Amino acid sequence: MDRKEQMSKLKKELIEEMGVYFESQDILSPLSSRIFALLALVGYDGVTFDEIVDELEVSKSSVSTNLQLLQSMGRISYYTKPGDRKRYFKISVNDMVNRLDDKIDSWQKERKLHEKVANYRKEIIAISDKTNSEIQKDLSFNIHYIEFVDKMIENLQKLKTNILITINQEK
C-alpha cells in the first residue's frame, strides 16, 4: 500500500471515529456526524457537495438533507468562490465559539453546585459539637474540585480568546 492509499485509509478511519464521537456527544444522526467529521478534517477550505458524496459514499439526497440540518443548527456554513458555482461547506466559526461557551457555562454551573455543597458542609462543621473527619474530607474534596473547575474555566476562556484572535487574523 503506497503513502496516498495509507492516508486515504487513515482519513476514513478518523471520519468514522470522530463521527461516532460527534454522534454520541452532539446527538447528531450518523451521517450528520460523519459530514461534520469530514469538515473538521478538511479545515478552513471546506469541501463541495460532490466531494462529500464521493468521500462518504452516500446518496446525494442523504447528504443534502443532512447538510440542511447542520446548517439549520448553525454547525456548518458555506461560501462560494468567484466564477465557481459550487458551494464549499465548512464548520461554522460561530459553532466553535458557541460550543466553548456551552462548556464554560456547564463548568460554571457545576462550580456553583460544589460551592453550595462546600458552604453547607462548613455550616455542619460549625454547628457540630465534634469534628467529623468524614465531613472534613468531603469539604476538602469540594474545595479542591472548585479549584480544578476554576482552572478549567480559565483554560476554556483562554482557548476561546485564542480562537477569536485566530479567526480575526484570517479575515
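**View 1. The second largest pocket is lined by Y21, Q25, D26, R75, D95, N98, R99, D102 and K103.** This is a predicted model, in which local features need pLDDT of at least 70 and side-chain atom pairs count only at pLDDT 80 or more, while totals for chains, interfaces and linings use all residues. Residues are numbered from 1 along each chain as its sequence is written, and side-chain values use heavy atoms, with hydrogens and water left out. On a 1 Å grid over the protein atoms alone, a pocket is an open set of points where a 1.4 Å probe fits, with protein on both sides within 12 Å along at least five of seven lines, and lining residues have an atom within 4 Å of a point. The volume of this second pocket is about 190 Å³, a volume being the space filled by probe spheres set on the points, which are joined across faces, edges and corners. Helix 1 (3–26) and helix 5 each supply at least two residues of its lining, and the largest share, five residues, comes from helix 5; helices (H or I, at least four residues) and strands (E, at least two) are DSSP runs numbered from the N terminus. By class, the lining has one nonpolar, two polar and six charged residues, where Ala, Val, Leu, Ile, Met, Phe, Trp, Tyr, Cys and Pro count as nonpolar, Asp, Glu, Lys and Arg as charged, and the others, Gly among them, as polar.

**View 2. The largest pocket holds about 360 Å³ of space.** Its lining consists of 15 residues, and A40, G43, Y44, I91 and M96 are those that lie nearest the centre of the pocket. Helix 2 (30–42), strand 3 (84–91), helix 5 (93–127) and helix 6 (133–170) each contribute at least two residues to this lining, with helix 5 giving the largest share, four residues. Nine residues of the lining are nonpolar, two are polar and four are charged.

**View 3. K12 and E57 form a salt bridge, with their closest N and O atoms 3.9 Å apart.** Because K12 lies in helix 1 and E57 in the loop between helix 3 (49–56) and helix 4 (60–72), the pair ties together parts that are 45 residues apart in sequence. A salt bridge is a side-chain nitrogen of Lys or Arg within 4 Å of a carboxyl oxygen of Asp or Glu, and a search of the whole structure finds 16 of them. K12 is partly exposed at 38% relative accessibility, whereas E57 is exposed, with a relative accessible area of 63%; buried means under 20% relative accessible area, exposed over 50% and partly exposed in between (1.4 Å probe, protein chains only).

**View 4. The side chains of E16 and R34 meet in a salt bridge of 2.8 Å, N to O.** With E16 in helix 1 and R34 in helix 2, the pair links distant parts of the chain, 18 residues apart. E16 counts as partly exposed at 41% relative accessibility, while R34, with a relative accessible area of 13%, is buried.

**View 5. D138 and R121 are joined through their side chains by a salt bridge of 3.9 Å, N to O.** This pair also links distant parts of the chain, D138 lying in helix 6 and R121 in helix 5, 17 residues apart. D138 is partly exposed, with a relative accessible area of 32%, and R121 counts as partly exposed at 22% relative accessibility. Elsewhere, salt bridges that share partners join K11, K12, E55 and E57 into one network.
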